[in-house]
Every structure is written in structure tokens, then in C-alpha cells.
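Good morning, everyone, and thank you for coming.

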Amino acid sequence: MIPLSRDALARMVALHLPEEGFVNLGIGAPTHVADYLPAGSGVVLHSENGILNVGPKPAAGEEDWDLINAGKMPISLRTGGSYFDSSLSFAMMRGGHLDVAVLGAFQVSKDGDLANWTTGDNGSPPGIGGAIDLAVGAKSIWVMMDHTTKDGRSRIVERCGYPLTARRVVTRIFTNLAIIDVAEGGLAVRALLDGLTVEALRDRTEAPLHLAGEFQTIRQDGSVA
Amino acid sequence: MRNVVVEDAAAAVEGIKDGDAVMMGGFGGAGLPLGVVKAVLDRGVRDLTLISNNAGSTEDDLSLWFEARIVRKIVCSYPRSAKQFAEQYRAGTVELELVPQGTLVERIRAGGAGLGGFLSPVGVGTVFADGKEKIVVDGREFILELPLHADFAFVKGHLADTLGNVTYNKTARNHCAVMATAGRTVAVEVDRVVNVGDLDPEAIVTPCIFVDRVFARSSR
């Protein structure tokens, strides 16, 4: 069993986004989900710095530094796109107008608490940015992250040890091992990496997992059957 | 007819003094009035309170203000990848008020719009609620967030006419359009100054009533 690559994880998330949905992809790994959106999905990407209908990275030499994404990298505008100020942008985010926000995380609790802005290390200044506004305001909050830390500790926990971004907001967790829904009755496994048993997943997960009937199989390329 | 065009960045920052609160537009480099960054340095003012989304990231932006140690406090949402700021933060020589980005811009909007604050769900149940008043509306908990004002708001526009009407370019609009409502003195650095009547009224984002000074970047 080899955990999904970052590319495969990004593809898996992309394949689940709702057709014609309004979606914000957080900075870091979630930004790469855009590279795997199926042609004709109709998904409209929002970026917090004031743009709807974000298009792909421009060709080398075509960059416009007045046209960037939340990660401050050059992008393009798709046909039908628009620009607006930050207040209107955060009205979209906070006001429940986005269908899905995809965010990275350090930890997610069994109740959907999200910790993704600081590990509390002293030294580096903390930054919160717009992740917290997304976490509170988007209709669905999806997290994509490695299932465990580099030293093998579960990122899906009983209670987050790191400072919270928001309480009870995460609705679905995509990891390099599984897709897990945060449901009323607890964490429900929706899909499992091919070759991984439920017991092996439980061994790598601090919080209790439930099986909601049939679950799907995740292939190594991130597709799900 | 009203004409708010000034000669250069130095004229745009005229009157700034030690201890002032200063809003600086921009998200990263987009929307940052770079001529103002340098003109404020040239004035030799200190102990500024800086209200800005970021704290600089390259050698040629707000990093210069931290390198020169002219900022006493920054109100900011994402002061990451900011080497010069980080050095002073670790040394304890600059105060940081970390604010969620949407709350930051809405506090600025409240300041410009004459509001006493607003109720936000963002930060409830986290450290961002510490020390703030909680108010329940229809069974949901909110935090009372207070307005932000500044002695000066400096932003980057695309075009301005001589009256002070301003358009922006693409994602460089970001916090600029809101900050342009919230400074006691508002100065806009633009790519080009045009004649009254040259701007499509439908395209004007910041109407001239908010704008006190305009200068063209090329005139530096």
C-alpha cells in the first residue's frame, strides 16, 4: 500500500467538486486541485483577493502582477470572470455564497473542528489570512491533507491540540489514504485506498471511524470506483 | 473645478507625522503604492501604526519600513514570508494585531462608512474572540468587531481624473477601494492621470468624494 501522491490527492478532490459549483481553493496544496478539474466541469473558482473565474497560470513572459491569486502567483481570467474589492470578496466567503472551500489542515477533530493556521511555534509570526473566513462561511468545508504527520501521528484527532481556526465546520476530509465524512454520528469512511484495510486505517486514525455501509475504493491515480 | 492632482509621492505624503496610523493598500505587491512606501521613508517619520494585509515579502516593498524600524504596530492578516518584519517580531520591537482578512477589510469599511462596528461569526470559539464582546442574534453567537480609522490611507489605482475619481486594475483593487474610504487623508498613486470626462462613470470604483490627493507613478 503506497499512500496517494500529492498529485493523485489533488485529482481525487477535483473529481468530487460539484459541477458548476462556486469553489475556493486555499493556498498551498489545494491550489493544485485546479490542475485536475475535468474539462467541462463548469466549476467557477474564486480567489479571496477579488476575482471570480480564475483561469490557469499564464505562459512564461505573459505574467501580469496585477492579476494574481491568493498565493500571490500570476493567474489568468476566464471568459465571464470579474474583479471586485476585498469587502465584496469576503461577503462571498463569509455570506455562504461559495459551495465548497478546499483547505489544508494540521488537524481535524471528530466533530469537524479545524486547526490550520498555526502550530503555536514561538518565533515565526503567525498568519491567519482568509482561511478563517472561508471556514466559517462556505457551504461545505473540505480538508485535504496527509492522513498522518511525518512521524506517523494521526491528523484526525479526538480534539485538536493546535489553536483552532473554527469549530464544527469541516464536512469532508480527503487524505492520502481515505475519504471521510464528518457526519452527525461521527466520522464515516466513504472511500478507502486500494489495498488498505479498515483496521489498518483505524490504526492510523486517532478518532473513531464508522462505516456507513458500502465504501468506495481509491485507485493510485486518485480516481474512485 | 476641483483638482486633487499633486506633483509626486512626496507631495502625496505631506503632513504625515510620528505616531500616525497609516493604511497601505495591496495584496502582496498588487495594489501597493510603492512610490508612497519610499516617500514615507524619506520623510523620516517613526512609530507608525500600519494597517495592511501583508508585512512585505521582497526587498522592495513594506519590508523597507521594517528594515528602517519606523513601524511600532501592525494591524495585519497575513504577515508571513516577511523576513524583516519577522526579525523585529522575534525581537519584540514591533507589536502585531493579527486580524482575519475579512474582518480586517470589514473593520476598515466600517470606519469609512461611519459605523460603530459590526457583528461577525468569524473567530467564534477561537483565540480571535478573546477579549471581545459576544452578542447572540437569532441563537447564533457573534463577535463585536470595531471600526478602523487612519490618519492616512495610501492606495494604488489604475487611472484617476483630476477630480479624484479612480479606477483599478484587475486584482490590484483588493483592499484599496475600501481603504480609500477610511483615511482622514486619502492619497492615490495611479498609473496615469486623465482629464475629467475621460473615465466611464460606470467604471469608476472610488468616487472623487473620498479622494484628497492623486499623483501619477510615472511622475516620480
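How many of the residues of helix H2 of chain A are buried? Before I answer, a word on what you are looking at: this is a predicted model, in which local features need pLDDT of at least 70 and side-chain atom pairs count only at pLDDT 80 or more, while totals for chains, interfaces and linings use all residues. Residues are numbered from 1 along each chain as its sequence is written, and chains are lettered from A and ligands numbered from 1 in the order in which they are written.

Now to the helix. H2 of chain A covers residues 86-94 and is mostly covered, with 7 of its 9 residues buried. Helices here are DSSP runs of H or I with at least four residues, strands are runs of E with at least two, and both are numbered from the N terminus. The buried residues of H2(A) are Ser86(A), Ser87(A), Ser89(A), Phe90(A), Met92(A), Met93(A) and Arg94(A). After the helix comes Gly96(A), which has a positive phi, near 80 degrees.

What do these buried residues pack against? Within chain A they pack against strand E1 (22-25), strand E2 (44-47) and helix H3 (131-137), and from chain B they meet helix H5 (101-113) and helix H6 (176-179). Contact, throughout this talk, means that the C-beta atoms of two residues, placed from the backbone, lie within 7 Å.

That brings us to the place where the two chains touch. The contact takes 33 residues from chain A and 36 residues from chain B. On the side of chain A that touches chain B, the elements that give two or more residues are H2 and H3 of chain A, and H2(A) gives the most, with 5 residues. The residues on that side of chain A divide into 15 nonpolar, 10 polar and 8 charged, where Ala, Val, Leu, Ile, Met, Phe, Trp, Tyr, Cys and Pro count as nonpolar, Asp, Glu, Lys and Arg as charged, and the others, Gly among them, as polar.

Let us look at one helix pair across this contact. The axes of H2(A) and H5(B) come within 9 Å and cross at roughly 130 degrees, the axes being lines fitted to C-alpha atoms over the stretch in contact, with angles running from 0 to 180 degrees between N-to-C directions. That angle makes H2(A) oblique to H5(B), because angles under 35 degrees count as roughly parallel, over 145 as roughly antiparallel, 65 to 115 as roughly perpendicular and the rest as oblique. In this pair, Ser86(A), Ser87(A), Phe90(A), Met93(A) and Arg94(A) of H2(A) meet Gln101(B), Gly102(B), Val105(B), Glu106(B) and Arg109(B) of H5(B). The residues of this helix contact divide into 3 nonpolar, 4 polar and 3 charged.

Two of the strands that H2(A) packs against, E1(A) and E2(A), also pair with each other in the parallel sense, over 3 bridges; two strands pair if DSSP finds at least two bridges between them. In E2(A), His46(A) is the bridge partner of Asn24(A). E2(A) is also joined by 2 bridges to strand E3 (residues 51-55) of chain A, and those two run antiparallel. E2(A) and E3(A) form a hairpin with 3 residues between them, and Gly50(A) in the turn has a positive phi of about 110 degrees.

Where do these strands belong? They are part of an open sheet of 10 strands with mixed pairing, in the order E4-E3-E2-E1-E5-E8-E10-E11-E12-E13 of chain A. Its edge strands are E4 (76-83) and E13 (209-218) of chain A, each of which pairs on one side only, and the twist averages 25 degrees from one strand to the next.

Terms used. A residue is buried if 20 or more other C-beta atoms lie within 10 Å of its own, exposed if 12 or fewer, and partly exposed in between; C-beta atoms are placed from the backbone.
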